[in-house]
Amino acid sequence: MSDIPQERRVVTAIPGPKSQELQQRRLAAVAAGVGSTLPVFTARVDRGIIEDVDGNRLIDFGSGIAVTSVGASAEAVVRRASAQLQDFTHTCFMVTPYEGYVEVAEALAELTPGDHAKKSALFNSGAEAVENAVKIARAYTKRQAVVVFDHGYHGRTNLTMALTSKNMPYKHGFGPFAPEVYRVPVAYGYRWLTGEENAGAEASAQAIDQITKQIGAENVAAIIIEPVLGEGGFIEPAKGFLPAIRQFAADNGIVFVADEIQSGFCRTGQWFACEDEGIVPDLITTAKGIAGGLPLAAVTGKAEIMDAAHAGGLGGTYGGNPVACAGALGAIETMKELDLNAKAKEIESTMKARLTAMQEKFSVIGDVRGRGAMIAIELVKNPATKEPDAASTAAIAKACHAEGLLVLTCGTYGNVLRFLPPLVIGQDLLNEGLDIIENALAAL
Ligand code: PLZ
């Protein structure tokens, strides 16, 4: 287990000489299509600090893209996964099963919204979970069409590329894409032309109109939505949007799938973000935060829907790997023990207070939004026109990196700075990170 002083320390240029040397080897050996936000090579990680190979200690506002909510070396994850490694690394659940897989499925049934009978199937990645949710919904409804939303992100495999809205870098040149995927508007409050207060009602009406007129509700197997959109820019659909779409799905026998791969597992201050509007999905996809950094994903939902796929129709060699399952049980134990939902809410109040104060000072901040420890600022050239400012976004991220603060960007227009600290980060580091952001904004 890593135990690193929770203090930022910058002792070389970032990236430092050892990182630069490794980067040269990487460029020669690793495919150019695989990028890195910051080519600083990692040595150890503990709670809010990433220590690099040059001895720098960076403040982590990324959590490996919303994965290491419990930290990247959480005691319970390390303990349980290490014990499992000693016993066996793999059998393949489809060959000879093991208890850890069942325990994770039981935990998912307990933690996900709704008191109906639930079942789960486990996979390796978020994209794989979303693909399987589509397979299950199609098997259950005997329909083919899948509805997704503007600014949605669901993965990089062929079907999930089709489900993802943004061309660059996710889809460009990688087609043809899977058929029977339809995209409809989402209630992006900040950019809704008639104003945020109208966005929920108007966007849901438009979406439903398009579904009924262009596809036919009776042809739709699934509607898939992120309750807080992640890669698309940390967009919280305006109030009323999610309940209207959920109701439409229920009225028309459509499987409503909440993609909580980024927003789930305490990230937004709830076990799952859809709880904030009382939404009970038919199926829910999870990954990322579920296993404290080990690769694991799941589809969880109504037992009768989950059981619609024929025996042997779902699976994969590594799905629900025993070490990853042990990690998940450790991560869930940590979330409960440390009450990480409460921690996420504390992070939200600190961040929102400081970022809203910055918005008063710096007109480049058009919007401050998000929930829990999933917070973002959207940068614009002019608050009146809301013209996206991707250049300033990249400049601020770069300035933060140079100071030893790891931040990520996102958004359809590349103009959103997103903050996803581990939920176990200390208050001092959180504030120091915000100081660095404020200085970068001032220097712009
Ligand atoms: N659904 C909502 O956020 C993954 C993508 C990083 P995988 N988001 C990070 C990148 O650039 O590849 C994500 C998500 C939502 C699905 C996925 C896909 O999860 O585990 O990356 O396949």
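Biologist: Into which domains is the protein chain divided?

Modeller: Domain bounds come from an automatic or database domain assignment. Here, domain 1 covers 17–73 + 339–443, and domain 2 covers 75–337. Residues are numbered from 1 along each chain as its sequence is written. This is a predicted model, in which local features need pLDDT of at least 70, side-chain atom pairs count only at pLDDT 80 or more, totals for chains, interfaces and linings use all residues, and side-chain values use heavy atoms, with hydrogens and water left out.

Biologist: How many residues does each domain bring to the contact?

Modeller: Contact means heavy atoms within 4.5 Å. Domain 1 contributes 41 residues and domain 2 contributes 37 residues.

Biologist: What area is buried between domain 1 and domain 2?

Modeller: Buried area is the accessible area (1.4 Å probe) that two parts lose on being put together, summed over both. Between these domains it is about 3,200 Å², with 51% given by carbon and sulfur atoms. On the domain 1 side, Asn341, Arg371 and Met374 supply 24% of the area buried against domain 2, more than any other three residues.

Biologist: How many salt bridges are counted between domain 1 and domain 2?

Modeller: A salt bridge places a side-chain nitrogen of Lys or Arg within 4 Å of a carboxyl oxygen of Asp or Glu. The count between the two domains is four. Separately, a salt bridge joins the side chains of arginine 191 and glutamate 378, at 2.7 Å from N to O.
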